[in-house]
Each structure stands twice: as C-alpha cells, then as structure tokens.
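Keep the picture open beside the text and find each residue as it comes up.

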Amino acid sequence: MNKEQLKGHSTMLILATLERKSLHGYALSLVLRDSMPDEFKFGMGMLYPLLHKLEKQKYITGAWQETGNGQRRVYELTRKGEKELQAK
C-alpha cells in the first residue's frame with residue numbers, strides 16, 4: 001500500500017479507531033501512529049481536516065471537554081459512522 005492508497009483508507013482507519021474508544025485528536029494521532037507502519041503514518045495536518053470532514057458528514061461528533069490545562073475536543077463515532085464502517 002502506498003501513500004495514495006492510504007488516503008483512501010484513512011477515513012476507515014479513523015472510524016475503526018473511534019469505534020473502540022472516544023478520543024481527542026492528539027490521542028487519536030498517537031493510536032494511529034502506534035498501529036501503522038512508519039511509511040504510512042500521516043500527521044496532524046492530515047488528521048484534523050479529516051476529523052472536520054467526518055464531523056460534517058455526521059460520521060463522528062466532537063464535544064469540548066474541560067481538562068486541567070484547558071479544553072480539548074473529544075470525538076466519538078455516531079450511529080451513521082458505525083453503519084458506514086460496517087458497510088465498508
């Protein structure tokens with residue numbers, strides 16, 4: 001699989017990861033980083049636009065949560081996202 005093929009699968013990778021657990025963007029990037037070979041890793045510049053796109057498509061929802069250091073946006077899979085993941 002090359003980087004162009006990865007782009008086609010990145011949505012499913014994100015949905016599959018969020019199916020297991022709700023995560024904020026940085027935590028999601030760490031899970032993806034640790035679960036993928038080095039040559040297929042994508043950075044924050046690709047992750048956040050994908051998260052925004054998936055939220056607009058209603059595959060995921062994001063909600064701000066308070067932390068000791070401020071706020072962070074935590075994403076979770078929606079019912080529509082679950083159906084999309086199962087369909088693929």
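Tyr59 counts as buried, because its relative accessibility is 15% and the cut-off for buried is under 20%. Keep in mind as you look that this is a predicted model. You can find Tyr59 in the loop between H3 and strand S2 (60–67).

What is Tyr59 in contact with, leaving aside its neighbours within four places in sequence? The list holds Leu15, Leu54, Glu76, Leu77, Thr78, Lys80, Gly81 and Glu84. With one of these, Glu84, there is also a polar contact: the two side chains are joined at 3.5 Å. Now look at Leu85: it is 26 residues away from Tyr59 in sequence, yet their C-alpha atoms are 9.2 Å apart in space.

Lys58 is found in the loop between H3 and S2 as well. Is Lys58 buried or exposed? Lys58 is exposed, because its relative accessible area is 57% and exposed means over 50%. Its backbone deserves a look too. Most residues other than glycine have a negative phi. Lys58, however, has a positive phi, near 65°.

Next, move to helix H1, where Thr17 lies. Thr17 is buried, with a relative accessible area of 4%. Beyond its neighbours within four places in sequence, Thr17 is in contact with Leu23, Leu28, Val31 and Leu32.

| Residue | Relative accessible area | State |
|---|---|---|
| Thr17 | 4% | buried |
| Tyr59 | 15% | buried |
| Lys58 | 57% | exposed |

In soluble globular proteins, nonpolar side chains tend to be buried together. Here the largest nonpolar core has 18 residues, and Ile14, Leu15, Leu18, Leu28, Leu51 and Ile60 have the most contacts inside it. At least two residues of this core come from each of helix H1 (3–20), helix H2 (25–35), helix H3 (44–56) and strand S3 (70–77). Take Ile14 as an example: leaving aside neighbours within four places in sequence, Ile14 is in contact with Leu28, Leu32, Leu47, Leu50, Leu51 and Leu54.

Finally, trace the strands. S2 and S3 run antiparallel and are joined by 8 bridges, and a hairpin links S2 to S3 through 2 residues. In this pair, Thr67 has Gly70 in S3 as its bridge partner. Strand S1 (residues 23–24) also runs antiparallel to S3, with 2 bridges between them. There, His24 stands opposite Val74 in S3.

Terms used
Residues are numbered from 1 along each chain as its sequence is written. This is a predicted model: local features need pLDDT of at least 70, side-chain atom pairs count only at pLDDT 80 or more; totals for chains, interfaces and linings use all residues. Side-chain values use heavy atoms; hydrogens and water are left out. A nonpolar core is a set of buried Ala, Val, Leu, Ile, Met, Phe, Trp, Tyr and Cys residues joined through side-chain atoms within 4.5 Å. Buried means under 20% relative accessible area, exposed over 50%, partly exposed in between (1.4 Å probe, protein chains only). Helices (H or I, at least four residues) and strands (E, at least two) are DSSP runs, numbered from the N terminus. Contact means heavy atoms within 4.5 Å. A polar contact is a pair of N or O atoms within 3.5 Å; within protein, one must be able to donate a hydrogen and the other to accept it, and residues adjacent in sequence count only if both atoms are side-chain atoms. Two strands pair if DSSP finds at least two bridges between them.
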